[in-house]
There are 2 protein chains.
Amino acid sequence: MAESRTQQLGFICGLDAALRVVGGKWKPLILHFLYSESKRYGELKRCVTGVSDKMLSQQLKDLESHGVVSRTDHNEIPPRVDYALTPLGRSLAETLVPLCEWGEQHQEMIASSV
Amino acid sequence: MAESRTQQLGFICGLDAALRVVGGKWKPLILHFLYSESKRYGELKRCVTGVSDKMLSQQLKDLESHGVVSRTDHNEIPPRVDYALTPLGRSLAETLVPLCEWGEQHQEMIASSV
DNA sequence: CTGAATCCGACTTGATACTG
DNA sequence: CAGTATCAAGTCGGATTCAG
């Protein structure tokens, strides 16, 4: 009964593993918007329309704990905190690009079938 | 103030639109397992380890309403129902492949940072 | 065998107010 | 500006029951 290493680690497959990191309502969008450039908290919040402070900081914390996002607190007054993708996060954000393009191509259909 | 069509349709960006379809705990996995071949309900349930009947049928219905999965009820006794990807669903499932590969490559790290 | 329907608790998300 | 605290609302997901 050879079991793949993926399953030994508790994942159904690689996709399942990846979803542990990007699974969450806002995480893919956060990665996507950090992909172009690192951003301050407020900038990010304006990009990810509709997210609340609570969710944004919580999901950023999750992403940071998985090592895909880095947080830099400049300890200034007024506060300044930058969020950026780590190299790992950058590689992850790249995998989201095809999904993003698919969404652009089919958005009319998606909008009409809600 | 020119607003992109994406925003007119109520989406932040293409990724946001795509997430309306695959956003959900099990939907990406369902698409992934249907990608190799169409499956009966029971087969699918065995693939997507841990999913309950309720969630599986609910999420299949969602996917069907978005036109990415097709349901074929053979109206037989005992019941036989097949699920398959539509061409649209196939194109969507393809965009998940890079994410799946990323997960395979980094699964040790993911498993350790929970 | 393939589901739909219902109940219920746990967890997630959201709105608002507040702090350094 | 960058969050935290609190409470309310919504969603998830399991167990059970039922139907064809």
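How far does a polar side-chain atom of A:Arg40 lie from a phosphate oxygen of DNA strand D? I looked this up and found 2.8 Å, which falls under what I call a polar contact (a pair of N or O atoms within 3.5 Å; within protein, one must be able to donate a hydrogen and the other to accept it, and residues adjacent in sequence count only if both atoms are side-chain atoms).

Conventions first. I am reading a predicted model, in which local features need pLDDT of at least 70 and side-chain atom pairs count only at pLDDT 80 or more, while totals for chains, interfaces and linings use all residues. Residues are numbered from 1 along each chain as its sequence is written, chains are lettered from A and ligands numbered from 1 in the order in which they are written, and side-chain values use heavy atoms, with hydrogens and water left out.

Confidence next. For chain A I noted a mean pLDDT (the predictor's confidence in each residue, from 0 to 100) of 93, with 97% of its residues at 70 or more.

I listed 19 residues around DNA strand D (a heavy atom within 4 Å), the closest being A:Arg71, A:Tyr83, B:Lys25, B:Lys54 and B:Pro79. By class they divide into 7 nonpolar, 4 polar and 8 charged, where Ala, Val, Leu, Ile, Met, Phe, Trp, Tyr, Cys and Pro count as nonpolar, Asp, Glu, Lys and Arg as charged, and the others, Gly among them, as polar. Helix α5(A) gives the most to this surface, with 4 residues.

Last, B:Thr95, in helix α6 (residues 87–95) of chain B. I found B:Thr95 buried (under 20% relative accessible area; exposed is over 50%, partly exposed in between; 1.4 Å probe, protein chains only), at 9%. Its side chain reaches the backbone oxygen of B:Leu92 at 2.6 Å. Leaving aside neighbours within four places in sequence, B:Thr95 is in contact (heavy atoms within 4.5 Å) with A:Thr95, A:Pro98, A:Leu99 and A:Trp102.

Note on methods
Helices (H or I, at least four residues) and strands (E, at least two) are DSSP runs, numbered from the N terminus.
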